[in-house]
Amino acid sequence: KWWTEFDYYFITEGRQTEKAHGYILPLEAKYFFSLAQDFINPPADAALVMENVKWQRISPHEIKDWNDYYKKHLDILSADIKFTPAGASPLSEKLNLNQLSFNAINNTAFNYWETGFTILLYRGGSLANINHYILNDFMSGQKRFVEISWPGDIGWVDKVEIIPEINIMKNDIYIKYEGGIGQEK
């Protein structure tokens, strides 16, 4: 019956990554990451530091059934997922770019200003790479084609997991209606 917001960063190899803002909703598994970090060798270990932790209680008067509320607000699917590793086409070989495409489908009754997606690539059951993508103005019932390129030699991938990231406890994430049905502000 609680959710939390916080700032976080990692300390590894004697340096601190840039601070990021995070949140965790009830019953959620969360991935914490700091993208585009440059290391000569992969770090052997890292410490996660969380600051400014703010716990907030979910009012049972406002949200009677959390599971139902969560499902209705985050019913966002990814379909037709296709990953193409660098080198699979002449252009991607020359530029060393990987390609990921998918359709994002908003099955909720809500319009969102920003919908984040955490993208996890797996090889043989192990995490091979991670990325994050933001889709703006994602409307209820909408299906949007997403195509992402990112550099590096990721190689073969046998599983792609795409997780929608929206803090549904914040009021300013929703595109409000003004006027009649279907008209936005």
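Buried means under 20% relative accessible area, exposed means over 50%, and partly exposed lies in between (1.4 Å probe, protein chains only). By that rule, E165 and K30 are both buried. The structure is a predicted model, in which local features need pLDDT of at least 70, side-chain atom pairs count only at pLDDT 80 or more, and totals for chains, interfaces and linings use all residues. Residues are numbered from 1 along each chain as its sequence is written, and side-chain values use heavy atoms, with hydrogens and water left out.

- Helices (H or I, at least four residues) and strands (E, at least two) are DSSP runs, numbered from the N terminus.
- Two strands pair if DSSP finds at least two bridges between them.
- Strands of a sheet pair through backbone hydrogen bonds, either parallel or antiparallel.
- Strand 7 (residues 112-123) pairs with strand 8 in the antiparallel sense over 11 bridges.
- Opposite L121 stands N129 in strand 8.

- Another open sheet has three strands in the order 5-6-9, with antiparallel pairing.
- Strand 5 (76-84) and strand 9 (143-151) are the edge strands, and each pairs on one side only.
- From one strand to the next, the twist averages 20°.
- Strand 5 pairs with strand 6 (residues 97-106) in the antiparallel sense over seven bridges.
- F83 has L100 in strand 6 as its bridge partner.

**Salt bridges**

- A salt bridge is a side-chain nitrogen of Lys or Arg within 4 Å of a carboxyl oxygen of Asp or Glu.
- By this rule there are five salt bridges.
- One of them joins the side chains of E51 and K19 (2.7 Å, N to O).
- That pair links distant parts of the chain, with E51 in strand 4 (residues 47-57) and K19 in the loop between strand 2 (15-16) and strand 3 (20-24), 32 residues apart.
- E51 counts as partly exposed at 24% relative accessibility, and K19 counts as partly exposed at 44%.
- E165 and K30 form a salt bridge, with their closest N and O atoms 2.5 Å apart.
- This pair also links distant parts of the chain: E165 is in strand 10, K30 is in the loop between strand 3 and strand 4, and they are 135 residues apart.
- E28, K30 and E165 are linked in a network of salt bridges.
- D68 and K72 meet through their side chains in a salt bridge (3.1 Å, N to O).
- D68 and K72 are separated by about one helical turn because they are four residues apart in helix 1 (residues 66-73).
- D68 is partly exposed, with a relative accessible area of 33%.

- E5 lies in strand 1 (residues 2-12).
- With a relative accessible area of 9%, E5 is buried.
- The side chain of E5 makes a polar contact with the side chain of H21 (3.2 Å).
- A polar contact is a pair of N or O atoms within 3.5 Å; within protein, one must be able to donate a hydrogen and the other to accept it, and residues adjacent in sequence count only if both atoms are side-chain atoms.
- Not counting residues up to four places away in sequence, E5 touches residues including H21, Y23, N52 and K170, where contact means heavy atoms within 4.5 Å.

Conventions. Axes fitted to C-alpha atoms, helices over the stretch in contact; angles between N-to-C directions.
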